[in-house]
Amino acid sequence: MAINWFKYSSPASFYSLAGKLTPLFSITAFILFVVGLYISFFVAPTDFQQSEAYRIIFIHVPVAWMSMFLYLIMAGWAAIGLAFNTRLSSMIATAIAPTGAMFTFLALWTGALWGKPMWGAWWVWDARLTSELILLFLYIGFMALQAAIDDPRRADKAGAILALVGVVNIPIIYFSVKWWNTLHQGATVSLTQSPKMATTMLTGMLIMSLACWMYSIALVLMRTRTIILERERHTVWVSELQGAA
Amino acid sequence: MNWASWSDFFAMGGYGFYVWGSFLVSLLCIVGEITLVFNRRRTLLRQLSLIHKATQYEQNNETTS
């Protein structure tokens, strides 16, 4: 049985698939958020050092992970769109950028609110913080560049090149704590070593990360559907859709 | 259950401003983003249906000049 990989690569067929998937991911995200928040505030114990301030970890780390993860996914789709000239791939990349920018802003925001009581400063020109700020500028630059070009297909190409150039920033962010070792602490969670966090704290953080992930998928699918409608408004299937509505 | 009372919960060990500042802004951003996408979709669908009605109207009333 040969799988037809390209069944959902056309905007029209993807539109209906995304429509069916969106509620699935948004309900999962909602449930995971509720469970994650419950663990963060009512199950995870008080930290011996930071007392309650450490609870910011339950939002700071997930959004920071998502800001890097979403950029890689965006660059991936942009590369596919650039290489294969598939306009749906570029639409997905365009749809990811705002959510990625939001998570990057939240990573900086929650980090600053955690840094003030613990480090005594809202902002420090630390390697990790600075490279995360650059990531925010990359996201905004990507969106601005695409908005500045009228023809969507050319905007996709230009955005793809910018996104691919910016990919180098992601490992820099990730390893900045080790290479420069300025202020931000090193990686606490690793797939190889044994966990350095209390189990309930770690589970709470991982559930919140999954919740952010499900939320991103649901939201990007919704935004992609809107972009598909915007760009395909002159097609027959969209007018049929309107006729049916 | 870590909290003796609700006020204890909101005080968050004296770090309430920072913890709630982080979580509330995150909630605001997420809810804000959802409403933005829904608005974008609704206005687009409204535009498309208007365009659709206009083209229907033109087709029906085509006067063969």
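A residue is called buried here when its relative accessible area is under 20%, exposed when that value is over 50%, and partly exposed in between (1.4 Å probe, protein chains only). With that in hand, take A:R223 and B:E33: both are buried. What you have on screen is a predicted model, in which local features need pLDDT of at least 70 and side-chain atom pairs count only at pLDDT 80 or more, while totals for chains, interfaces and linings use all residues. As for bookkeeping, residues are numbered from 1 along each chain as its sequence is written, chains are lettered from A and ligands numbered from 1 in the order in which they are written, and side-chain values use heavy atoms, with hydrogens and water left out.

Let's get oriented in chain A. It has 8 helices and 0 strands, where helices (H or I, at least four residues) and strands (E, at least two) are DSSP runs numbered from the N terminus. The C-alpha trace of chain A spans about 65 × 35 × 35 Å along its principal axes. Of its 245 residues, 48% count as buried. If you look at contacts (heavy atoms within 4.5 Å) in chain A with a separation of 6 or more, 75% of them come from residues 24 or more positions apart.

Now for the charges. Side chains of opposite charge can pair when their charged atoms come close. The rule used for a salt bridge is a side-chain nitrogen of Lys or Arg within 4 Å of a carboxyl oxygen of Asp or Glu, and it gives 5 of them over all chains. One sits inside chain A: A:R231 pairs with A:D156, with 2.8 Å between the closest N and O atoms. A:R231 belongs to helix α7 (residues 199–231) and A:D156 to helix α5 (residues 152–166), so this pair ties together parts of chain A that are 75 residues apart in sequence.

A:R223 and B:E33 form a salt bridge, N to O, at 3.1 Å. This one crosses between chains, running from helix α7 of chain A to helix α2 (residues 16–60) of chain B. Another bridge, at 2.9 Å from N to O, links B:R40 and A:E230. B:R40 is in helix α2 of chain B and A:E230 in helix α7 of chain A, so here too the pair joins two chains. Both of its ends are partly exposed, B:R40 at 33% relative accessibility and A:E230 at 26%. Between chain A and chain B the count is 2 salt bridges.

What else holds this interface's attention? There are 7 residue pairs in polar contact across it, both residues at pLDDT 80 or more. A polar contact is a pair of N or O atoms within 3.5 Å; within protein, one must be able to donate a hydrogen and the other to accept it, and residues adjacent in sequence count only if both atoms are side-chain atoms. On the side of chain A that touches chain B, the elements giving two or more residues are α1 (11–43), α2 (57–84), α3 (87–119), α7 and α8 (236–244). The largest share, 11 residues, comes from α3(A).

In contact terms, 42 residues of chain A meet 31 residues of chain B. The buried area, meaning the accessible area (1.4 Å probe) that two parts lose on being put together, summed over both, is about 3300 Å², with carbon and sulfur atoms giving 72%. In chain A, the residues that lose the most area to chain B are A:F41, A:F42 and A:Q242, together 19% of what that side buries.

Finally, have a look at helix α6 (residues 169–179) of chain A, whose buried residues are A:N169, A:I170, A:I173, A:S176 and A:V177. Down the axis of α6(A) they fall within an arc of 140°, so they line one face of the helix; the arc is taken from the directions from the helix axis to the C-beta atoms. On the other side of α6(A), A:K178 and A:W179 are exposed. The cover over the buried residues includes α2, α4 (127–148) and α5 of chain A. Just after α6(A), A:N181 takes a positive phi of about 45°.
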